[in-house]
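I opened this model to look up its pockets, a helix crossing and a few single residues. My notes follow the display.

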Amino acid sequence: MNAGKTRREPWIVGVSGASGTPYAAAVLRGLLDAGQSVDLVVSRASRLTLLDETGISFRDAHWRDDLREWLCMGADGKPGTFEADTSDVRHWSAGDLAAGPSSGSYPAKGMLIVPASTACVAGVALGLSKDLLQRAASVTLKERRPLVVAVRETPLNGPTLRQLVALDDAGATVLPASPAFYAGATHIQHLVDFVAGRVLDAVGVPHRLYHRWEGALGGGSRPAGASGGTGAPQG
């Protein structure tokens with residue numbers, strides 16, 4: 001091994017079939033803007049959701065072009081809202097159970113599941129590993145690496161609540177995709193970026209996606225992104 005070469009150590013981002021693909025796009029942009037490497041796993045169900053919510057078909061053979069189109073789209077569906085450099089993203093097919101993230105010896109910083117469907121929550125909580133997304137999450141837990149589960153469902157029934165408690169007990173961070181309004185949201189992108197920012201906060205990745213609470217009433221009147229963040233369009 002070349003001693004002068006830094007080992008790539010990515011964040012694994014899993015996208016499940018829940019509604020909320022703009023959350024995933026904002027998290028991915030935030031990681032890349034922070035100079036982080038990303039390994040991406042897009043479930044089969046999430047491809048249907050992505051097609052429905054954005055009109056984008058995510059194809060294994062053309063994943064980089066499809067990913068770039070997705071990341072450049074705003075939460076309002078407007079294409080070309082953002083710029084995205086996907087050169088440090090590696091994509092793994094959800095059906096590839098021999099992929100790098102399926103092993104604990106594969107170097108990774110941790111995993112973010114954004115959004116997480118209730119089916120995904122159940123699979124991870126029960127250790128089913130029916131696809132690479134669930135397997136990578138199980139590996140993340142067993143290796144005691146950070147795992148954030150951004151569940152996107154309402155209302156939540158008893159079984160799902162118990163599974164979320166089980167994930168919390170196992171060391172995961174359960175982070176419901178619940179936008180807040182105190183940061184001065186005036187655009188759908190601001191609400192999306194708030195959730196994405198909280199996901200990044202949970203794993204210590206720096207960003208400027210939303211205006212933080214500073215202890216003064218009225219602080220939310222400042223527009224989200226006024227601190228200089230790149231995630232929220234103004235106007």
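The entries below record what I looked up.

**Ground rules.** I am working from a predicted model, where local features need pLDDT of at least 70, side-chain atom pairs count only at pLDDT 80 or more, and totals for chains, interfaces and linings use all residues. Residues are numbered from 1 along each chain as its sequence is written, and side-chain values use heavy atoms, with hydrogens and water left out.

**Helix crossing.** I looked up α1 (residues 21-33) against α3 (residues 63-72). Their axes come within 9 Å and cross at roughly 100 degrees. That makes α1 roughly perpendicular to α3, a label for angles of 65 to 115 degrees. From α1, I noted Thr21, Ala24, Ala25, Leu28, Arg29 and Leu32 in the contact. From α3, I noted Leu67, Trp70 and Leu71. Contact means heavy atoms within 4.5 Å. By class, these residues are seven nonpolar, one polar and one charged. (Ala, Val, Leu, Ile, Met, Phe, Trp, Tyr, Cys and Pro count as nonpolar, Asp, Glu, Lys and Arg as charged, and the others, Gly among them, as polar.) Helices are DSSP runs of H or I with at least four residues, strands are runs of E with at least two, and both are numbered from the N terminus. Axes are lines fitted to C-alpha atoms, for helices over the stretch in contact, and angles run from 0 to 180 degrees between N-to-C directions.

**Pockets.** How many residues line the largest pocket? I found 18, with Pro22, Ala75, Asp76, Ile188 and Val192 nearest its centre. A pocket is an open set of points on a 1 Å grid over the protein atoms alone, where a 1.4 Å probe fits, with protein on both sides within 12 Å along at least five of seven lines; lining residues have an atom within 4 Å of a point. The largest pocket holds about 220 Å³ of space. Volume here is the space filled by probe spheres set on the points, which are joined across faces, edges and corners. I then turned to the second largest pocket, at about 170 Å³. Its lining includes Ser16, Ser43, Cys120, Asp131 and Leu133. Helices α2, α4 (118-126) and α5 (132-142) each give this lining at least two residues.

**Serine 43.** This residue also lines the second largest pocket. I place serine 43 in the loop between β2 (38-42) and α2. Is serine 43 buried or exposed? Serine 43 is buried, at 6% relative accessible area. (Buried means under 20% with a 1.4 Å probe, protein chains only.) Not counting residues up to four places away in sequence, serine 43 touches Val15, Ser16, Gly17, Ala94, Asp131 and Leu133.

**Proline 115.** I found proline 115 in strand β4 (residues 110-116). Proline 115 is buried too, at 1%. Serine 16 is 99 residues away in sequence, yet the C-alpha atoms are 6.0 Å apart.

**Tryptophan 92.** Strand β3 (residues 89-93) holds tryptophan 92. At 11% relative accessibility, tryptophan 92 counts as buried. Beyond four places in sequence, its contacts include Asp39, Val41, Pro101 and Tyr106.

**Helix α4.** I listed the buried residues of α4: Cys120, Val121, Ala122, Gly123 and Val124. Their cover includes β4, α5, β5 (147-151) and α6 (158-169). Just after α4, glycine 127 takes a positive phi of about 70 degrees.

Conventions:
Angles under 35 degrees count as roughly parallel, over 145 as roughly antiparallel, 65 to 115 as roughly perpendicular and the rest as oblique. Buried means under 20% relative accessible area, exposed over 50%, partly exposed in between (1.4 Å probe, protein chains only).
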